[in-house]
Amino acid sequence: MTTDPSPAPGVAPVLVIGVGSPVRGDDGVGPIVAARVAERLGEAAGIDAGVGAGVEVRLLDGEPARIVEAWTGRDLVVLVDAVCRGEAPGSLVRLEIAEDSVFAPARTPSTHAGGVDDAIALGRVLQRLPGRLIIVGVEPGDMSVGAGLSPAVAEAVPQLEESVLAELHEVRA
Amino acid sequence: MTHKATGSRALSSDALARVEGEGAMRVEIRDGRVVDVQLNIYEPPRFFEGFLRGRGYTEPVDITARICGICPVAYQMSACTAIEDAVGVTVDGALRELRLLLYCGEWIESHALHIHFLHAPDFLGFDSAISLAAVDRAVVERGLEVKRIGNRILEVVGGRAIHPVNVKVGGFFRVPTTRELEPLRAELERGLELAVQVVDWVAGFDFPDQELGCELVAADHPTEYPMLADRVISDRGLDIAAAEWLDHIEEFQVPHSTALHARVLERGEYLVGPLARHHHHAEKLAPAAARAARDAGLEPSCVNPFRSIIVRAVEVVHAFETAIAVIDRWVRPAFAAVPVAPRPGVGHGVTEAPRGLLYHRYEIDDAGLIADAVIVPPTSQNQPTIEHDLWHFVEANIDLDDDELRRRAEVTIRNHDPCISCATHFLDLTVDRS
């Protein structure tokens, strides 16, 4: 989409972002999945920093400017988040943010106040979207403060983890 | 967001699926007069107070940092000082300096976010920073850069930007070397330059005339514009140690909100935050911040909530200068934390979060566990004042249509930068004119 501004030297070209709050029930699914992905990548690379070869993993709270900052200059970003689309809790969704939808109302429903959808809109306007942006999401059930993951979402975690890894493998293959 | 219309005239915000109940405002109008204004902003500290009971005395620092992604350092600093107060430990010297540096990072990041992404679009006629960026990309990029540099402090000192992991009761897990702080200093110099430009930019906005009439409460420090402090003052005679908080400030339940509200026992509603801090401590601003304030025409006591954007911008300059000064004075201490052993007791902590004074109180039992926790965040302290402000606004603008009324009510709320400010973009507004 754009390469402006240029990635800083040493920035991994591939980024996995887990978005959400760990204290708000199913909203915490993004960071949980991303942390598991980091562990798997770390094992594969023989390191424990959560950074496999050329892949970085970040856990973010959904604040749009932080998301834009994190993905600026990356070739591929796989973002894991709870996505409300009115389906059954635990339903999975994969969205690739299309290159040609600039200024289209392609707002990605997310669970954060001014979250991923605002980050996408801001990234477009500032020409700071990553080369490819894929959202791997799951429909949340309970997002009340202090609740853990609901059973349906907890059950979806391994599949979400595999989906993220598959996106990474595809680009490396 | 869904909204059920039940007899009264109801409006719903932007149809974005999100957490229900994040923010709600209800206005009741009878015969052309406002009879009730209720604001409910999501606030999680109540849950955390219960969650902390029975936890180890070192745990509130990490646990309360998760209350807010925008101001985790404030929660950590108030928690640390309260627990250190309970066990009779003082953290000073280089370790206190490092805490100041970390706090500067949070002030910069939080204020840069509020100024550019929430508040400025209101003055410039844009519905969001995204529309603003489409017209003036440079100012939004500058805001992002200021914010990023604040973030760098959190990464270098805090270990990471959200929920810093390097903070503990007694100090830090690890203290940085002079060499590690050097590249940060260069970035802060650049941030300082940009921050002065931001003051100049916001000072040129058009500000409606308005003056708040409430009591102004801030933390107090004899020589510093307060971030870390242990006393609390007001312009109406309050001058107390943190330990006397509960004797003078009362939290009370209101039926329409899960959050407790607060008032000064003797007098009533009050305001914490940039306007209150600046009113009490303007003369303690660092030199470039004081200069920027003067050039911006900021009066020594400003109680116009719209002009709080100038005060925030000035505080960003101050935070950059303070951070640079800390680095220039930095001598790495031989230890990263002072030893802290548990003992039964009660401790109090007040520090200045970006959006205002944050009070913590912990009671530690014989086993070193938290027996009781009280957390009074700035937003619940300001909530009665915000409702009052809204009441006056609605009364003066009662003939506006509901959409314009909502838009401008949101602006009124954003002036006060309530916790999770972004929630005000999702206000579920009900105007009942029946």
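**Close-up views of a predicted two-chain model**

**View 1. Two helices of chain B pack in a roughly antiparallel manner.** In this predicted model, helices α3(B) and α4(B) are roughly antiparallel to each other, because their axes cross at roughly 150 degrees and angles over 145 degrees count as roughly antiparallel. Helix α3(B) spans residues 72-87 and helix α4(B) residues 93-124, and their axes come within 8 Å. On the side of α3(B), the contact is made by P72(B), V73(B), A74(B), M77(B), C80(B), T81(B) and E84(B). Helix α4(B) contributes R99(B), L102(B), Y103(B) and E106(B). Sorted by class, the residues of this contact comprise seven nonpolar, one polar and three charged.

**View 2. Strand β12 of chain B pairs with β6(B) and β13(B).** Strand β12(B) covers residues 345-353 and is mostly covered, with seven of its nine residues buried. Strand β13(B), residues 356-364, runs antiparallel to β12(B) and is joined to it by nine bridges. The two strands form a hairpin, with two residues between them. Within this pairing, G345(B) stands opposite I364(B) of β13(B).

**View 3. An open sheet of five strands lies in chain A.** The strand order is β2-β1-β3-β5-β4, and the pairing is mixed. Strands β2(A), residues 55-60, and β4(A), residues 92-96, stand at the edges; each has a single partner strand, so one side of each is left without a neighbour in the sheet. From one strand to the next, the twist averages 15 degrees.

**View 4. Strands β3(A) and β5(A) run parallel.** Strands of a sheet pair through backbone hydrogen bonds, either parallel or antiparallel. Seven bridges link β3(A), residues 76-82, with β5(A), residues 132-138. One of the residues involved is D81(A), whose bridge partner in β5(A) is G137(A).

**View 5. Helix α2 of chain A packs on the sheet.** This helix comprises residues 64-71 and touches β1, β2, β3 and β5 of chain A. Its direction makes about 160 degrees with that of β1(A), a strand formed by residues 14-19.

**View 6. Helix α3 of chain A lies across β1, β3 and β5 of chain A.** Residues 116-125 make up this helix, which runs at about 170 degrees to β5(A).

Terms used: Residues numbered from 1 in each chain as written. Chains lettered and ligands numbered in written order. Predicted model: local features only at pLDDT ≥ 70, side-chain atom pairs only at ≥ 80, totals over all residues. Heavy atoms only, no water. Pairing = 2+ DSSP bridges. Helix = DSSP H or I, 4+ residues; strand = E, 2+ residues; numbered from the N terminus. Axes fitted to C-alpha atoms, helices over the stretch in contact; angles between N-to-C directions. Contact = heavy atoms within 4.5 Å. Buried < 20%, exposed > 50% of the residue type's maximum accessible area, 1.4 Å probe, protein only. Parallel < 35°, antiparallel > 145°, perpendicular 65-115°, else oblique. Nonpolar A, V, L, I, M, F, W, Y, C, P; charged D, E, K, R; others polar.
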